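Please look through the structure below before reading on. The report that follows takes up contacts, cores, an aromatic pair and the confidence of the prediction.

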Amino acid sequence: MSITPPRRVWLTGASSGIGAALAEVLLKSGVQLAVSARSVEPLQTLEKRYPDQLLLAPGDLTDSRQVREIGERITQTWGSLDTVILNAGTCEYVDAQAFDASIIERVVRTNLLASSYCIDVALPLLRSGLQPHLVGIASSVTFLPLPRAEAHGASKAGMRDLFESLRIDLADEGIAVTLVSPGFVDPPQARQNDFPMPLRWSAEKAADHICEQLRQRPLEIVFPALFMAGLWPLSRRPKRPQPATGKSMAHTSGHGKGNP
Ligand SMILES: NC(=O)c1ccc[n+]([C@@H]2O[C@H](COP(=O)([O-])OP(=O)(O)OC[C@H]3O[C@@H](n4cnc5c(N)ncnc54)[C@H](OP(=O)(O)O)[C@@H]3O)[C@@H](O)[C@H]2O)c1
């Protein structure tokens, strides 16, 4: 009887939020996990708890050189990858009355360009992997444009097209491609949004759901089921944009951060 080796998984954005929760679920399931983010400390904490399963791969994913170095580290240590989960991302809200293209640039660089750098180094590794699976964490905002979500929405719509085209082009090689479209998931403590986030899930609940669904290698994972119905009225009210009221967008950078 042959024993299946643990899957080798590369997870980006593993230092907080959904990524940190995904890392916990994946490590508990026994996979070998390479973790990336700019903050090294949370990754080192994981390494202390799972020394035999964790491969530290920190770096700024918007820097293609650093991403190539991460790819080299994974190649030298493992030589292949079975699953790649591109979760790292950011969100900043746009004020259309003081439109600032640099917000679009930053968000697209993190969510779309960094994902493409990761795909660049991941594909050769996936081609040597077992039942290879490429997963992108996009957003439900790609189904429903929301007020102030121009940057996040554009970046995630780009990600959706990138992954959906790749799905077609990689099918003959047996590389499955899954897009995950979360609704609102609890933001980290440091980045609490003070606008309503209907049907919000905890990061732990989201991670459990994603990992459970990924076993079926579906085309898409969308949650929560009623998110679209709950947010539909927001997209129909251009004169009363939300989320945008009160002090909700007053962050130090001057631009609110949040999701989706
Ligand atoms: N939370 C939601 O409601 C929601 C909804 C829809 C979609 N999403 C998507 O789900 C994903 C995770 O979101 P989250 O809410 O869990 O966000 P989060 O808590 O802010 O986590 C983002 C992760 O991405 C990493 N990251 C950001 N920029 C990076 C960079 N340049 N290089 C390397 N790593 C970087 C962060 O680590 P460092 O800062 O340490 O680098 C962190 O680990 C994102 O793609 C987000 O767009 C979230």
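Two residues are in contact when heavy atoms of theirs lie within 4.5 Å. With that in mind, and remembering that this is a predicted model, we can begin with Val121, whose place is in helix H4 (residues 101-127). Leaving out residues up to four places away in sequence, Val121 touches Trp10, Val67, Arg68 and Gly71. Val121 and Ser64 are 57 residues apart in sequence, while their C-alpha atoms are 9.5 Å apart in space.

The nonpolar cores come next. The largest nonpolar core has 32 residues, of which Leu33 and Ile85 touch the most other members. At least two residues of this core come from each of strand E1 (8-12), helix H1 (17-28), strand E2 (32-36), helix H2 (40-49), strand E3 (54-56), strand E5 (133-137), H6 and E7. Apart from this core lies another, of 29 residues, which includes Val67, Ala114, Phe163 and Val177. If neighbours within four places in sequence are set aside, Ile85 is in contact with Val9, Trp10, Leu11, Thr12, Leu22, Leu26, Val135, Ile137 and Leu214.

How many aromatic pairs does a search of the whole structure find? The search finds one. Its members are Trp201 and Phe223, which are stacked, with 4.7 Å from centre to centre and 25° between the planes; the pair counts as stacked because planes under 30 degrees apart are given that name. The pair links distant parts of the chain, since Trp201 lies in the loop between strand E6 (176-182) and helix H6 (203-214), whereas Phe223 lies in strand E7 (residues 220-223), 22 residues apart. The ring of Trp201 also has the charged end of Lys205 sitting over it, 4.4 Å from the ring centre.

| Residue | Relative accessible area | Class |
|---|---|---|
| Trp201 | 14% | buried |
| Phe223 | 1% | buried |
| Val121 | 14% | buried |

Finally, there is the question of confidence. The mean pLDDT of the protein chain is 88, and 82% of its residues reach 70 or more. Over residues 240-257, however, pLDDT stays under 50, and for this stretch the model has 37 contacts beyond four places in sequence. Where pLDDT is low, the predicted coordinates should not be read in detail.

Terms used. Residues numbered from 1 in each chain as written. Predicted model: local features only at pLDDT ≥ 70, side-chain atom pairs only at ≥ 80, totals over all residues. Heavy atoms only, no water. Phe/Tyr/Trp six-rings, centres within 6.5 Å; stacked < 30°, edge-to-face > 60°. Helix = DSSP H or I, 4+ residues; strand = E, 2+ residues; numbered from the N terminus. Buried < 20%, exposed > 50% of the residue type's maximum accessible area, 1.4 Å probe, protein only. Lys NZ or Arg CZ within 6 Å of the ring centre and 35° of its normal. pLDDT = per-residue confidence, 0-100. Core = buried A, V, L, I, M, F, W, Y, C linked by side-chain atoms within 4.5 Å.
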